[in-house]
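Please go through the local geometry of this protein chain. Keep the sequence and the coordinates at hand.

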Amino acid sequence: MKSKINKYAQVVFPVPVSHSFTYSIPCHFSNDIAAGIRVLAPFGPRKMTGFVVDIVSTPGIAENKIKALEQVLDPVPLFTPQVLKLTKWISEYYLCSWGQVLKAVLPAGIHLNSERVVRLIHKNPHELIATVNNAPRQLKILQILMQENPVSIKKLLRQSSRTSLYTSLQSMAGKNWIRQELALPRVRVGKKIDCFVRIPANISSSQVTEWIAKNRSNAPKQAHCMEILHKEAKEINRTELVRQAQTTTSTIQQLEEKKLVTIFKKTVFRDYYFDLEAEPPPQITLNPAQKNALNAIHERLDSNRFSTQLLHGVTGSGKTQVYIESIYRVLAQGKTAIVLVPEIALTPQMVRRFRSHFGDRVAVFHSRMSPGERYDAWRRTWGGNHQIVIGPRSAIFAPLKNIGLIVVDEEHDSSYKQSDIEPRYHAREVAIIRARLSNAIVVLGSATPSVESRYNADIGKFHLLQLPKRVEELSMPKVRIVDMRREPRTLGRHDPTIFSRTLRQLMEEKLSRGEQVILLQNRRGFATILKCKKCGYDARCENCDITLTYHIPINLLKCHHCGYARKAPVTCPQCQSEDIIMKGIGTQRVEEELKLLFPGIKSTRMDMDTTKGKHAHDKILKKFAQKEYQILLGTQMVAKGLDFPNVTLVGVISADTELLLPDFRAGEHAFQLLTQVAGRAGRKHKQGLVVIQTYSPEHPSLIYAKSHDYISFYKNEMLERKQLLYPPFSRFIRLLFRGPSEEEIQTQAQLLAAQLKGRKEFRLLGPTPAPLSKIQGNFRWQILLSTAKSIDTNAVKTKYILMQTLDHIRKNKKSKIDVQIDVDPVSTL
């Protein structure tokens, strides 16, 4: 008796819907469908890429309501059962759609979603022009369609500078001039195929040499091409050959016609670091602390059981070498490894170091790569060409099989939390779950572990490994805190002094000896406030409730949240006074001051404004490493992942930038940033010095950073958090209400709060306006739900109650309110 064939697919889509949808599997797809495959399916009035998560034999709903799958997009599943379990956990823990998580796992640009297009169907459109002279919108639509047919409605709106063309399109469709239809756009990213040229195997070297000699005078370009091919003795990309020979493709074509070369196509793999030179790694002898840590990791790797190790090592203690030695063990076991690194710490230095050890077995993922480069890195990893993946938080989804080790370097870094879009996951937590599903080891490394991670080590959830000293017994940098309240003010200046006497004197000493200096100012731009002294006007963003930052090279006031910009006024827009002042210090202002104080000393600036271009970040660091610059000034980009032996002084222009943020983690983040940037000084055998300038010298975070005393900082922070029942003693869920009407979002927030009030499962804080109360034209209110771990460890009950009470908002389709759920937020701004 034949078993019944499963014929229904459970499909999820990258939309904010918590359940799956049932589709019938057509007979011609019956052998092609499996869990983990992408499909194209009807979804409402359109077609969308969905993900098959299960095959079932009974639909659970009426047959007449079930639609059929239209296309299978993959020959084999892109997701293993393990990754499906991981993404399911993410969707349940972070309260988001399973489909949104699965989409985040794959490289961008490979999904197909139908879009509405307009097609011109009239046979003689030129005859219509005269009839629509009095209808400018219809005229513009015709002109666009005569240039490109069909065209998407989105593009039509953009090119016609309109927000709506509904009436015009309806009128033109009624006259049978146009037709609206659904179309599938071309996939934005895929394999890159290039043409290559080679000399056929049946032509000998002597024959080539003889031909070149005979034709050098009458066909010089062809002869030159043959010389290049003969010298290389291998295939050459046609574009590269044309460039080297300074000719055109027609020359290559003529050689092919003479059967002297063969032109063929093949897939090209794009690599962001294709020209990175990695020298053989030096022989390094581990110190006793490194050996102890490595032995502990090896013991757990050999046991083939999941565990989490917290590697707490001071800056310069050799954590990276412990990671590398651990990976050697993993590869010897036939397994693979993921190394997560904060985006700003993913420098060429780090990539070069790993590739010097492991060569092409290493794949790198990061946001500076083009979509094609990311796609190729993902595809080659999926195909088994790479066994090690290095990258920021999204690299945790790398399609590696048989994972043995996951490293989360700088595990405390807040960039591991995706807060702006769904899914709002924390890569550190996802790494732990993925390792558990793989029976792998997680190593969380940091000089300043997050309070939560250190607490987990204290209660035995994590195993603590320590590297208390720098390698080669190098001393920790000496730290001086300068009280800027005691610095003399410069006559005629509205701003405080940028460089204290102490920092300026030390810089002069170090620079005169040819040593290098790193300066941190975690604000870009020139000035953070433009203010009128007469009427008090300050320049604010039209879309956000923040002041605009002045950028001097382009004379613009810019918003760093929404991108709004306008020319800086010469006179006050309110009272026309010319008495306008600039307040606040950004990196551009520090740069200008450097030119005045240290003429002749070359400096470079590294922030978002100077690192927009491809390889811009890498080029700056390379020139600094080659000592083309003596001073490196930047935002937090300069605080991590840098190892320059000639840097002996680090200056923090203003530590108060981090300390004054209205967030309960502000003190922790300030301590971490200051400790990390201080660690850039004295990395080799020169004593490092650090100068921290502040108006709050008595702040505990600064006092503990001065003495490199993480333990005292941790104990002090834990006392405060226990009293306030903040994480790690509780779990936070943040509800952020956004919308163009403040009155409406306030009403919605208060309505939800009223329904949640009085529950014993959690403590309700709010609703209140968010500290950043308006961004990108949307007002923002928030509610915080705090669940004590002693009552509900993973806030399961809180999440269930929350999702039930949110239903009434999500059913109100006319509402413009955007409610975002952020589980375990790293910031409440």
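The report below covers a helix pair, strands, single residues and backbone exceptions.

## Basis of the values

This is a predicted model: local features need pLDDT of at least 70, side-chain atom pairs count only at pLDDT 80 or more, and totals for chains, interfaces and linings use all residues. Residues are numbered from 1 along each chain as its sequence is written, and side-chain values use heavy atoms, with hydrogens and water left out.

Helices (H or I, at least four residues) and strands (E, at least two) are DSSP runs, numbered from the N terminus.

## Helices H8 and H9

Helix H8 spans residues 220–232 and helix H9 spans residues 238–245. Their axes come within 10 Å and cross at roughly 120 degrees. Axes are lines fitted to C-alpha atoms, for helices over the stretch in contact, and angles run from 0 to 180 degrees between N-to-C directions. H8 and H9 are therefore oblique to each other. Angles under 35 degrees count as roughly parallel, over 145 as roughly antiparallel, 65 to 115 as roughly perpendicular and the rest as oblique. H8 passes H9 in a right-handed crossing. A crossing is right-handed if the near helix is turned clockwise from the far one by less than a right angle, and left-handed if anticlockwise.

Which residues in H8 and H9 meet? H8 brings His224, Cys225, Ile228 and Leu229, and H9 brings Leu241, Gln244 and Ala245. The residues of this contact of H8 with H9 divide into five nonpolar, two polar and no charged. Ala, Val, Leu, Ile, Met, Phe, Trp, Tyr, Cys and Pro count as nonpolar, Asp, Glu, Lys and Arg as charged, and the others, Gly among them, as polar. Contact means heavy atoms within 4.5 Å.

Strand S13 runs over residues 307–313 and is mostly covered, with seven of its seven residues buried. Buried means under 20% relative accessible area, exposed over 50%, and partly exposed in between (1.4 Å probe, protein chains only). Ser307, Gln309, Leu311 and Gly313 point one way from S13. Thr308, Leu310 and His312 point the other way.

Strands of a sheet pair through backbone hydrogen bonds, either parallel or antiparallel. Two strands pair if DSSP finds at least two bridges between them. Six bridges join S13 to strand S18 (residues 441–446), and the two run parallel. Histidine 312 stands opposite serine 446 in S18. S13 also runs parallel to strand S19 (residues 463–467), joined by five bridges. There, leucine 310 stands opposite leucine 464.

## The sheet S23-S24-S25

Three strands form an open sheet in the order S23-S24-S25, with antiparallel pairing. The edge strands are S23 (549–551) and S25 (565–567), and each pairs on one side only. The twist averages 30 degrees from one strand to the next. Three bridges join strand S24 (residues 556–558) to S25. The bridge partner of leucine 557 is arginine 566 in S25.

Histidine 560 is in the loop between S24 and S25. At 31% relative accessibility, histidine 560 counts as partly exposed. Not counting residues up to four places away in sequence, histidine 560 touches Arg524, Thr549 and His551.

## Arginine 379

Is arginine 379 buried or exposed? At 16% relative accessibility, arginine 379 counts as buried. This residue sits in helix H14 (residues 371–382). Leaving aside neighbours within four places in sequence, arginine 379 is in contact with Lys191, Thr267 and Phe269.

## Backbone exceptions

Most residues other than glycine have a negative phi, and most peptide bonds are trans. The peptide bond from proline 727 to proline 728 is cis, with omega near 15 degrees. Proline 728 is in the loop between helix H23 (710–724) and strand S31 (730–739). The bond from glycine 766 to proline 767 is also cis, with omega near 5 degrees. Proline 767 is placed in strand S32 (residues 763–775).

Asparagine 402 is not a glycine, yet has a positive phi of about 55 degrees. Asparagine 402 lies in the loop between strand S16 (388–391) and strand S17 (403–409). Its relative accessible area is 46%, so asparagine 402 is partly exposed. Glutamine 576, again not a glycine, has a positive phi of about 65 degrees. Glutamine 576 is in the loop between S25 and strand S26 (580–583).
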